[in-house]
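Q: I have a model open and would like to learn how to read its features one by one. Can we walk through it together?

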Amino acid sequence: MAGFDKTALQGVVDTSDWRRLGWTIMTHFWFKCFGTFGFLASFFAAYFYLLNHPAYPVHVIPVTLVDRLIGFEPLALPVYFSAWVYVTLPQMLVPTRREVIVSGAWMGALCLTGLAIFRFWPNAVPPSDIRWELYPGMGFLKGVDATGNACPSLHVAASVYAAFRLNWQLPALGLPRSANWANAIWCVAIAYSTMATKQHVAVDVVAGAALGAVFALLARLEMLRPHGA
């Protein structure tokens, strides 16, 4: 093709960047996988214990105008579940065991903070008049994960924490700016899905986003702090 500029294509798709991304993911791959599995198993054990054994009377989180505007949308369920893939990405996209452990430790501190809130201030969203049995996927979710442990939404908190870290990590991996946009859209979609599936209300989402942002910024400050000074 006459006049074809190969450098223009390279500016859009640099195969070396994608190879570096693949190498980063596969470095200590099983350490990342088993560490993530162990973390999630421990988290869910504590989460469901607190959900089923509240230490104090359960406080109902109020509904706001935002919740009335966002209707029930069963098609949001896959996005809701995708959070459990999304929140693992910051750990998968670092090349050293130390970075995996540090990133996971900050996520663990975030989750422990949320669990402490649920321990001393059990809360839940108001019951809905939706017939969940008409939506098999939703019926399963409501049967496994009742709408307790609501505020702050740890679904949103973990996603916002992951979004911040990915926003800092993706450019360092040489990925185009569109990757950051995709990251932001995915995070916002997850936050929306928590309300569209009626697992959370707007107050939960705002509180979860604040919790996730605080821990992400604390982790960033620690990352930028000179070590050994």
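Predicted model: local features only at pLDDT ≥ 70, side-chain atom pairs only at ≥ 80, totals over all residues.

Q: Is L166 buried or exposed?
A: The label comes from relative accessible area: buried is under 20%, exposed is over 50%, and partly exposed is in between (1.4 Å probe, protein chains only). L166 counts as buried because its relative accessibility is 3%.

Q: Which residues does L166 touch?
A: A contact means heavy atoms within 4.5 Å. Leaving aside residues up to four places away in sequence, L166 touches Y86, L89, P90, L93, P171, N180 and N183.

Q: What does the whole chain look like in terms of elements?
A: The protein chain has 11 helices and two strands. Reading from the N terminus, the order is α-α-α-β-α-α-α-α-β-α-α-α-α. Of its 229 residues, 40% count as buried. As for contacts between residues at least 6 apart in sequence, 90% of them join residues at least 24 apart.

Q: How do I read a pair of aromatic rings?
A: You describe such a pair by the distance of the centres and the angle of the planes. Rings of Phe, Tyr and Trp (its six-membered ring) pair if their centres lie within 6.5 Å; planes under 30 degrees apart are stacked, over 60 edge-to-face, and the rest tilted. The structure holds 12 aromatic pairs. One of them is F43 with Y47, a tilted pair at 5.6 Å centre to centre with 35 degrees between the planes.

Q: Where do F43 and Y47 lie?
A: Both are in helix α3 (residues 29-52), four residues apart, which is about one turn of the helix. Both F43 and Y47 are buried. They also belong to one aromatic cluster, formed by F43, F44, Y47, F48, W84 and F118.

Q: Which charged residue lies over the face of F31?
A: The test is geometric: NZ of Lys or CZ of Arg must be within 6 Å of the ring centre and within 35 degrees of the ring normal. R97 lies over the face of F31, at 4.6 Å from the ring centre. Likewise, the charged end of R119 sits over the ring of F120, 5.2 Å from its centre.

Q: How much space lies in the largest pocket?
A: Rolling a probe the size of a water molecule over the atoms shows where empty space is left. On a 1 Å grid over the protein atoms alone, a pocket is an open set of points where a 1.4 Å probe fits, with protein on both sides within 12 Å along at least five of seven lines; lining residues have an atom within 4 Å of a point. Grid points are joined across faces, edges and corners, and the volume is the space filled by probe spheres set on them. The largest pocket holds about 410 Å³ of space. It is lined by 19 residues, and the closest to its centre are V94, E99, R165, Q169 and M223. The elements giving two or more residues to this lining are α7 (97-120), α9 (154-172) and α11 (202-224).

Q: What should I look for in the backbone around H28?
A: H28 has a positive phi of about 55 degrees although it is not a glycine. This residue is found in the loop between α2 and α3, and H28 counts as partly exposed because its relative accessibility is 31%. K198 is another non-glycine with a positive phi, about 65 degrees; K198 sits in the loop between α10 (177-196) and α11.

Q: Which residues does a cis peptide bond join?
A: It joins C151 and P152, with omega about 0 degrees. P152 lies in the loop between α8 (136-144) and α9.

Terms used
Residues numbered from 1 in each chain as written. Heavy atoms only, no water.
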